[in-house]
Amino acid sequence: MPADLDLVDWRRRVGDIYRLPSSAAWRAARDQLFREHPQSPIPVGERATCSGPRWLPYDAAFRVEGVWEPGDGSRLEIDTGGEDGVVVYRRSGRLRFRLAGEDRVLTAFRQVGYGGGLFVPFRDLTAGWETYGAGRNLVDTAKNTDGHCLVFAVGSEAVTLDFNFAYNPSCVYDARWACPLAPPENRLPVAVPAGEMVWEHESET
C-alpha cells in the first residue's frame, strides 16, 4: 500500500481504538498497532521484538471533571526542531479542573492551518523518571486522539479529562520524528502517575 494510504489507515485505526469500551481494550489495540502497522513510530527493525508501550495501572483518581473556559486566541509558536519547523497555535480555551486537591488549568491549543481541532500537551512531576521527560499528550483531535480522554457534550461547558489515556509523542520512539512539546503554561506542579510511561529504550540510554 502506498505510504500516503498507510497514513490514512493509521489515522482511521487510531480513531477507532479511541471508541473502544475500556482503557484495557484501548491499550491492547494501541500496542498491536505499534507492533504491526507500517506507520508505527517504532523503527521497523525493532517492531518484531517490541512488547509495546509501558503503562501505569488505571487509576480512577485521574479521571476528573472540569469546565471549559474560552481562550483569548493569542498566538503561541513551538519549534519542533524538525522539518515542520515552527508550528503556530492559538489559545483556544482553558480546561479547568481539580487534581490532588487543588485547582489546575491546562491550555487547549488550536493549530493554525492544520484543520483546526484541539491539542493538549502537558508535563507533570513524573516527567524525566517515570514518564517522558518533555511531557505527554492528552488530546490531539487532528490526529484522532481524543475519545475517552476528552469527554464533553455540545453546548455544555462541562468536560471530563482522563489522564489514564495520556500518551507519548512519536519522537519518543524514533529521532526521525519531531514533535511540538508541552509549553511552560501546561506544566502541572503535581505528579500524574497515569497513562503511558517512559519507553523502555529511552530508559536504557
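Strand S6 (residues 136–140) is mostly covered, with five of its five residues buried. Buried means under 20% relative accessible area, exposed means over 50%, and partly exposed lies in between (1.4 Å probe, protein chains only). Strands (E, at least two residues) and helices (H or I, at least four) are DSSP runs, numbered from the N terminus. The model is predicted: local features need pLDDT of at least 70, side-chain atom pairs count only at pLDDT 80 or more, and totals for chains, interfaces and linings use all residues. Residues are numbered from 1 along each chain as its sequence is written, and side-chain values use heavy atoms, leaving out hydrogens and water.

S6 runs antiparallel to strand S5 (residues 119–122), and four bridges join the two. Strands pair if DSSP finds at least two bridges between them. Phe-119 has Asp-140 of S6 as its bridge partner.

Two packed helices are described by the angle between their axes and the distance between the axes. The axes of H1 and H2 come within 9 Å and cross at roughly 165 degrees. Axes are lines fitted to C-alpha atoms, for helices over the stretch in contact, and angles run from 0 to 180 degrees between N-to-C directions. H1 and H2 are therefore roughly antiparallel to each other. Angles over 145 degrees count as roughly antiparallel, under 35 as roughly parallel, 65 to 115 as roughly perpendicular and the rest as oblique. On the H1 side, the contact is made by Trp-10, Arg-13, Val-14 and Ile-17. H2 contributes Trp-26, Ala-29, Arg-30, Leu-33 and Phe-34. Contact means heavy atoms within 4.5 Å.

Val-8 also belongs to H1. Val-8 counts as partly exposed, at 43% relative accessibility. Val-8 and Arg-94 are 86 residues apart in sequence and 30 Å apart in space, C-alpha to C-alpha.

Several loop residues complete the picture. Asn-186 sits in the loop between strand S8 (158–162) and helix H3 (200–203). Asn-186 is buried, with a relative accessible area of 0%. Neighbours within four places in sequence aside, its contacts include Val-120, Pro-121 and Phe-122. Ala-100 lies in the loop between strand S3 (86–99) and strand S4 (102–111). Ala-100 is exposed, at 59% relative accessible area. Its phi is near 55 degrees, a positive value in a residue other than glycine. Asn-144 is not a glycine either, yet has a positive phi of about 70 degrees. The loop between S6 and strand S7 (150–152) holds Asn-144. Asn-144 is partly exposed, with a relative accessible area of 28%.
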